[in-house]
Amino acid sequence: MGRILRFFILGVLTLALTLGFAPLANSQLTVPTPSTGGSFLPSKVSRFGNIEVTAVRSRLTGKPLFEVASETVSNRSNPGDKIPVEVRAAQIAGTLERTVAHFSQTKEPLQVLASQLNGAFVLVANSKSRQFQLATVTDLDAYYYGQSQADVAAQWQQSLQQALAEEVRLTSPTVLLEYLFNALKLVLVIASVSFLFWLFQRSLHRQWKTLKAQQKARDREAQAELNEAKTSDLQADSIDRLRSQFLVTVQGFLNLKRRLRIYSSLRWLLFWMQVLLWYFGTFIVISQVPYLMGYRDWLWGTPIQILLIWFATGLSIRISHGLIDRFSQNWANSAFLSQALGDSQRRLLRSATIKTAADGLVTFLLSATGIIGALNVLGIPTGSVLAGGAILGLAISFGSQSLVKDLVNGCLILAEDQFAVGDVVRLNSFQGLVENLNLRVTQLRSPEGELITVPNSSIVAVENLTRSWSRVDFSIEVAYEADLKKALAVLQQVAQQLYEDPAWQPKIPEPPEVLGVDNLSHTGMLLRVWIKTVPLEQWRVGREFRYRVRLAFEERNVPIGKPQLVASTGDESKGHGAVPTNSHHH
């Protein structure tokens, strides 16, 4: 019922907007042609040199009966003694309406006659009580048709005789009730079919809600993992586990999102089937019911064009999102990117980030195109709207230069692949997992669970800790009394054993490097080791390596460096010097 209610409200708003803009578009916003002399031609009025022509339409059925001509009016706000052609056509239509009403009440036979009055041909309809002067054939009418006044009067007489007789028949109570009964049956059929569509749509909505519940459950699991990370004392471990969980969540989210998109597309198609069903059903009902037939041509004009633009825009957005989804999936799985971007996790994060940005950009561009098309249909000059929008945008840009910088820097981040959603980065003084990345801001999740929002324009330097590969930068100080060659040999042995361990070898793509003595200080000799790892594994490998080095140094009696302190006896005058001692840090 909610969907039907929304559709009803949307239909009413569309109808109201169309009715509101139609007169404005027809009378005020029509672009003048060079031959108009600055005047605005009303809708359905044509100008041919010194004459203007429009059709006389039946107010009951909306059908054109014949065309009348009048002298060109250069200024409609002050026509003087001239009668604009649309005014003449409206006067004739009003007379025809009164004539039909009279003969429908009196049940007299209607006959249209052509007679001459003061040298002009006049079409009349006579009854017992009065005579109706329907229309007068003028010289301009004969000039426009290229015939004599008598021939034009004969054509109008034949057209009016058929049209007015049909209108008198349609306005009789018996025929009117018959048409209303047929329209009611059609409405019931439409409502029944629409109800079946609603039942099917409701079933799809339930399945869609089930998938949304699964998505929320996965979000809760990710949040539970995040809360666990908050209590961790090791910052690197928190980021590592958070990113690993995030990768699993992203993979499942993309698959779930595709299923949600399928159900959403089916619901969207059912919605439009209901729209088309009610629209064309309404058109058929209006075409069969007297007094509503006049709206048939209008209903087949502006409203259907707006609906088609709306449908085409929505369909284009959905097709574009599907193509972007398929392209990003193929792009992430291509053999070329396997060499260019590295591991599959990196390609997944890269494609997901670009896909999100591309979806938003395509939605904006297609929506803007649809709005411009709707404005054209309503007769609003889009050039003026775009020019005003450009001026407004320029004025806003002066007050929001940082926003422009955010967008430009966001484009550069995506184009240069500085980082993607799921990377662990350090931006300025902030470090964490990239949860969201768009053209304006970047959102990080810190190990403490804080969501940090960083405007893209404020990002000066980026440290990507998980791009392509990572490294354990291990350093340890040994005491001066330790055997330096023995200490280096122990480090080399421990590093090689870790590299050859089957449980750790997949995480270490290259043999570790023992660089040697990197520094000498009062605390000892600084030894450094580099261990190259796959992304995200530097923290796990580092913890395991430090654990093994500690056990190996204890087993081989390799002393760790200690600060050198000097103790004074307080009796320097007697020649006793300072006594050096060693002390541990506490």
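Start by selecting Pro-559. With 25% relative accessibility, Pro-559 counts as partly exposed, because that label covers values between the buried limit of 20% and the exposed limit of 50%. The model in your viewer is a predicted one.

**Around Pro-559**

Pro-559 sits in the loop that joins α14 to β15 (564-567). Val-478 and Pro-559 are 81 residues apart in sequence, yet 5.9 Å separates their C-alpha atoms in space. What else does Pro-559 touch, once neighbours within four places in sequence are set aside? Its contacts are Val-478, Ala-479, Glu-481 and Ala-482.

**Back into helix α14**

Then select residues 538-556, which form helix α14. The helix has 19 residues. From first C-alpha to last it reaches 26 Å, close to the 27 Å expected at 1.5 Å a residue.

Colour the buried residues of α14 next. Which ones are they? They are Gln-538, Trp-539, Val-541, Gly-542, Glu-544, Phe-545, Arg-548, Val-549, Ala-552 and Phe-553. As you look at their spacing, keep a general rule in mind: an α-helix has 3.6 residues a turn, so residues three or four places apart point the same way.

**The whole chain**

Zoom out. The protein chain holds 14 helices and 16 strands. Of its 586 residues, 38% count as buried. Take the contacts with a separation of 6 or more: residues 24 or more positions apart account for 63% of them.

Go inside and select Phe-66, Leu-134 and Leu-160. These residues have the most contacts inside the largest nonpolar core, a set of 28 residues. Show the elements around them: β3 (64-71), α2 (85-106), β5 (120-126), β6 (131-137) and α4 (149-170) each give this core at least two residues. A second, separate core has 24 residues, among them Val-472, Leu-491, Leu-498 and Val-558. In soluble globular proteins, nonpolar side chains tend to be buried together.

Centre on Leu-134. Beyond neighbours within four places in sequence, its contacts include Ile-92, Thr-95, Leu-96 and Thr-99. Leu-123, Val-124, Leu-160 and Leu-164 are also among the contacts of Leu-134.

**Along α2**

Move to Ser-104, which is placed in helix α2. Is Ser-104 buried or exposed? It counts as buried, because its relative accessibility is 14%, under the 20% limit. With neighbours within four places left aside, Ser-104 is in contact with Val-168, Thr-171 and Ser-172.

**Strand β1**

Next, pick Ser-46 in strand β1 (residues 46-48). Ser-46 has 33% relative accessibility and counts as partly exposed. Leaving out neighbours within four places, it contacts Ile-51, Glu-52 and Val-53.

**Last stop: a surface patch**

Finish on Phe-195, Leu-196 and Leu-199. Together they make a nonpolar surface patch of about 290 Å². Leu-199 belongs to helix α5 (residues 173-230). At 37% relative accessibility, Leu-199 is classed as partly exposed.

Methods
Residues are numbered from 1 along each chain as its sequence is written. This is a predicted model: local features need pLDDT of at least 70, side-chain atom pairs count only at pLDDT 80 or more; totals for chains, interfaces and linings use all residues. Side-chain values use heavy atoms; hydrogens and water are left out. Patches are made of residues with over 30% relative accessible area and no salt bridge: like charges are joined within 9 Å, nonpolar side chains (Val, Leu, Ile, Met, Phe, Trp, Tyr) within 5 Å. Accessible areas come from the Shrake-Rupley method with a 1.4 Å probe; for residues, only the protein chains shown count as cover. A salt bridge is a side-chain nitrogen of Lys or Arg within 4 Å of a carboxyl oxygen of Asp or Glu. Helices (H or I, at least four residues) and strands (E, at least two) are DSSP runs, numbered from the N terminus. Buried means under 20% relative accessible area, exposed over 50%, partly exposed in between (1.4 Å probe, protein chains only). Contact means heavy atoms within 4.5 Å. The expected span of a helix is 1.5 Å times one less than its number of residues. A nonpolar core is a set of buried Ala, Val, Leu, Ile, Met, Phe, Trp, Tyr and Cys residues joined through side-chain atoms within 4.5 Å.
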